[in-house]
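Have the model open as you read.

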Amino acid sequence: MVQFYYRGAFDGRPADYLFMLLFNWICIVITGLAMDMQLLMIPLIMSVLYVWAQLNRDLIVSFWFGTRFKACYLPWVILGFNYIIGGSVINELIGNLVGHLYFFLMFRYPMDLGGRNFLSTPQFLYRWLPSRRGGVSGFGVPPASMRRAADQNGGGGRHNWGQGFRLGDQ
């Protein structure tokens, strides 16, 4: 199986993530029209959760009252919990099935079973949303160009406020 990092299979690949959202959304809209469903947000959320759970299947997650289990079971636990509290499980079931369809066609069938690749992200999405190559970035990390400029100025981008006076010095 392909190694995925904890940060996620879509880290630095916004085109692939958008393609997953579009594929899931189209499948859910078609299903919603066929079943006369009014709200489609829960199936979409569950489909994304299902894909995440399969990509991070060995990660231990916590649910209500401290129950802990592998992430691959999370979508089904949520479906069962909703059934127990008396809700309709149709939305969760459709989301899980659509998420499974995407995961199977994109990852499982071509990589594990050696089949042909039925799904691939269109090239125009890569042109609109190019993948990030190399480096680490994220919240709280300045871009590399700002770090280089700060290093050239000396002091790591900090202002030279002077030495100041230490308490207790005469």
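A residue counts as buried when its relative accessible area is under 20%. Keep in mind that this is a predicted model, so every value here is computed from it. With that cut-off, F69 is buried, because its relative accessible area is 16%.

Now for the cysteines. C27 comes out at 17% relative accessibility, so C27 is buried too. C72 is also on the buried side, with a relative accessible area of 7%. What about disulfides? A pair of cysteine sulfur atoms has to lie within 2.5 Å to qualify, and the count here is 0.

Back to the rings. How many aromatic pairs does a search of the whole structure find? It turns up 13. Take F63 and F69 as one of them: their ring centres sit 6.4 Å apart and the planes make an angle of 55 degrees, so this pair is tilted. Both residues belong to a single aromatic cluster, made up of F63, W64, F65, F69 and F81.

Finally, the helices. Two packed helices are described by the angle between their axes and the distance between the axes. For helix 2 (residues 41–55) and helix 3 (residues 74–84), that angle is about 140 degrees and the axes are 8 Å apart. An angle has to be over 145 degrees to count as roughly antiparallel, so helix 2 and helix 3 are oblique to each other. Where they touch, helix 2 brings M46, L49, Y50, W52 and A53, while helix 3 brings L74, P75, W76 and I78. Sorted by class, this contact has 9 nonpolar residues, with no polar and no charged ones.

Terms used
Residues are numbered from 1 along each chain as its sequence is written. This is a predicted model: local features need pLDDT of at least 70, side-chain atom pairs count only at pLDDT 80 or more; totals for chains, interfaces and linings use all residues. Side-chain values use heavy atoms; hydrogens and water are left out. Buried means under 20% relative accessible area, exposed over 50%, partly exposed in between (1.4 Å probe, protein chains only). Rings of Phe, Tyr and Trp (its six-membered ring) pair if their centres lie within 6.5 Å; planes under 30 degrees apart count as stacked, over 60 as edge-to-face and the rest as tilted. Axes are lines fitted to C-alpha atoms, for helices over the stretch in contact, and angles run from 0 to 180 degrees between N-to-C directions. Helices (H or I, at least four residues) and strands (E, at least two) are DSSP runs, numbered from the N terminus. Angles under 35 degrees count as roughly parallel, over 145 as roughly antiparallel, 65 to 115 as roughly perpendicular and the rest as oblique. Contact means heavy atoms within 4.5 Å. Ala, Val, Leu, Ile, Met, Phe, Trp, Tyr, Cys and Pro count as nonpolar, Asp, Glu, Lys and Arg as charged, and the others, Gly among them, as polar.
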